[in-house]
Amino acid sequence: MLNAVKTHARYAFACLGAAVLGAAALPAAAGTLDTVKQRGVLQCGVSEGLYGFSERNAQGQWSGFDVDFCRSVAGAIFNDPSKVSFVPLSASDRFDALRAGKVDLLSRNSTWTLEREAGLGLAFAGVTYHDGQGFMAQRALNVTSALELEGAKVCVEAGTTTQANLADFFRANAMKYEEHAFPTSAEALGAFEAGRCNVLTRDQSALFAERLKLGKPGEAVILPDVISKEPLGPVTRADDFPWFNIVKWVNFALVNAEELGVSSATAVEAMASGKPDVRRFVGTEGGLGKMLGLENDFALRAVRAAGNYSEIYERNLGVQSRLGIPRGLNQLWSTGGILYAPPLR
C-alpha cells in the first residue's frame, strides 16, 4: 500500500512538473498582444495635454515623453512607431478606461501605488520618471519654502495622490490651508491664474509644464520643496501577465540601450557589434524576443522607434527642451541617478 502511495505521489509530481514546463513553453503571444496585432494598432492612453509628456498640436500630431514610450512599444511590436492611436484621458477616467479595455496601455504620468495595483487590479511596468510633488506659488506671495504656506489657498486636482499628499503635508507640519479641488488639471491651473488660489500643487515635472501655459510665467515661482515620492510609469491590467511583461521589458530596454550606448543613431552599428550584451540586445543572440512573443530584435526596434531613454528624456524634458528639467534622479545609476534596469539576457 505504501509503495502504491509513493508511486501515485511520484506520478502526480511528474504531471505537475510537466504542466509547469508546458505552461512555461506556451508562447507569450496571447490576450492583449493578439488583440493589438489583429487590430493593427496599439491603443495608448495619455493625458489630455501636458507639455513635455503628452500634447497634440494643431495638426493633430502627438508628442511628449509618455507619447514616445507608446511609440517604443508599437515599434517593438510592429517595427512601426506610427501604429499607435492616442486616447486622451482625464485623471479620473484613466484607470477605469484601462480596466474596461478602452486602451491597451496607460502611459499617462501616473504614480505607482499599492492601492492602484492591489485595489484596482492594475500592474505598473516599472518607473519611467522618478518625480515628487511640489508647489508653484504666486510670486507676489513672497515665499521661498513650502513651510511658509500657512493659510495658503491651494488649487489641486481632485481624486489624485496629489490631493492626499497635500493633506498629509499640512497635517504633518501642523499648518492650515484652504483647499480648492477641481475635476481636471486645466481647471486647477485656470483657477490659479485667475487668483482664486495663490498656490498650485502637482508633481514637480508637471509644474514646469503648467507654468509655461500661464499668460505671465514670470509671476509664478516653483518652490524647491519635494513632499512626496512619485514614481511615474506605464500601467497595464493585471490579468494579462504576458502583455505586462512586454511593456515592462520595453521600458527596461530603453534604459539598457542608453547604458550600452545603443541609440537611434547607432542602431546599424550596434547590429554589427561583437559584444555579447549588445548582440543579445539587438537580437542576434539569445532568442529573447521570442520568449515575449515578439521578434528577437524587439529591443532594437523600440529604440529605432523613439530613441533610447536619454534621447526621449532630453528631447521632451531635458535642459535643452522648453521645460529645462535636469535629469537629477533620472540619471543612470552609474552616473549618479537611480535609473536601473535588469539586464537583457
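1. Asn109 is found in the loop between strand S5 (105-106) and helix H5 (114-119) of this predicted model, where helices (H or I, at least four residues) and strands (E, at least two) are DSSP runs numbered from the N terminus. The residue is buried, with a relative accessible area of 12%; buried means under 20% relative accessible area, exposed over 50%, and partly exposed in between, for a 1.4 Å probe and protein chains only. The phi of Asn109 is near 25 degrees, a positive value in a residue other than glycine. Most residues other than glycine have a negative phi.

2. Ala174 also has a positive phi, near 50 degrees, and is likewise a residue other than glycine. Ala174 is placed in the loop between helix H6 (161-172) and S10. Its relative accessibility is 72%, so Ala174 counts as exposed.

3. On the basis of the model: it is predicted, local features need pLDDT of at least 70, side-chain atom pairs count only at pLDDT 80 or more, and totals for chains, interfaces and linings use all residues. Residues are numbered from 1 along each chain as its sequence is written, and side-chain values use heavy atoms, with hydrogens and water left out.

4. The protein has 14 helices and 14 strands. Its C-alpha trace spans about 80 × 60 × 40 Å along the principal axes. Of the 345 residues in the protein, 49% are buried. Among contacts (heavy atoms within 4.5 Å) between residues at least 6 apart in sequence, 70% join residues at least 24 apart.

5. The division into domains gives domain 1 (32-128 + 233-325) and domain 2 (132-229), with bounds that come from an automatic or database domain assignment. The centres of the two domains, taken over C-alpha atoms, are separated by 30 Å.

6. Arg237 lies in strand S14 (residues 235-237). Is this residue, Arg237, buried or exposed? Arg237 is buried, because its relative accessible area is 15%. Not counting residues up to four places away in sequence, Arg237 touches Thr32, Leu98, Arg99, Gly101, Val103, Gly121, Leu122 and Ala123.

7. His180 lies in strand S10 (residues 177-182). Its side chain is joined to that of Glu178 by a polar contact of 2.7 Å. A polar contact is a pair of N or O atoms within 3.5 Å; within protein, one must be able to donate a hydrogen and the other to accept it, and residues adjacent in sequence count only if both atoms are side-chain atoms. Leaving aside neighbours within four places in sequence, His180 is in contact with Lys153, Val154, Cys155, Val156, Arg196 and Cys197.

8. Helix H9 (residues 241-260) and helix H14 (residues 309-316) pack at an angle of about 95 degrees, with their axes 7 Å apart. Axes here are lines fitted to C-alpha atoms, for helices over the stretch in contact, and angles run from 0 to 180 degrees between N-to-C directions. H9 and H14 are therefore roughly perpendicular to each other; angles of 65 to 115 degrees count as such, under 35 as roughly parallel, over 145 as roughly antiparallel and the rest as oblique. Leu254, Val255 and Glu258 in H9 meet Tyr309, Ser310 and Ile312 in H14. By class, this contact of H9 with H14 has four nonpolar, one polar and one charged residues, where Ala, Val, Leu, Ile, Met, Phe, Trp, Tyr, Cys and Pro count as nonpolar, Asp, Glu, Lys and Arg as charged, and the others, Gly among them, as polar.

9. Asp80 is found in the loop between helix H3 (65-78) and S4. Its relative accessibility is 24%, so Asp80 counts as partly exposed. The C-alpha atoms of Asp80 and Ala305 are separated by 6.8 Å, while the residues are 225 apart along the chain. Apart from neighbours within four places in sequence, Asp80 is in contact with Ala74 and Gly75.

10. Pro88 is found in strand S4 (residues 84-88) and is partly exposed, with a relative accessible area of 34%. Not counting residues up to four places away in sequence, Pro88 touches Val46, Ser47, Glu48, Arg56 and Trp62. Pro88 and Gln38 are 50 residues apart in sequence and 23 Å apart in space, C-alpha to C-alpha.
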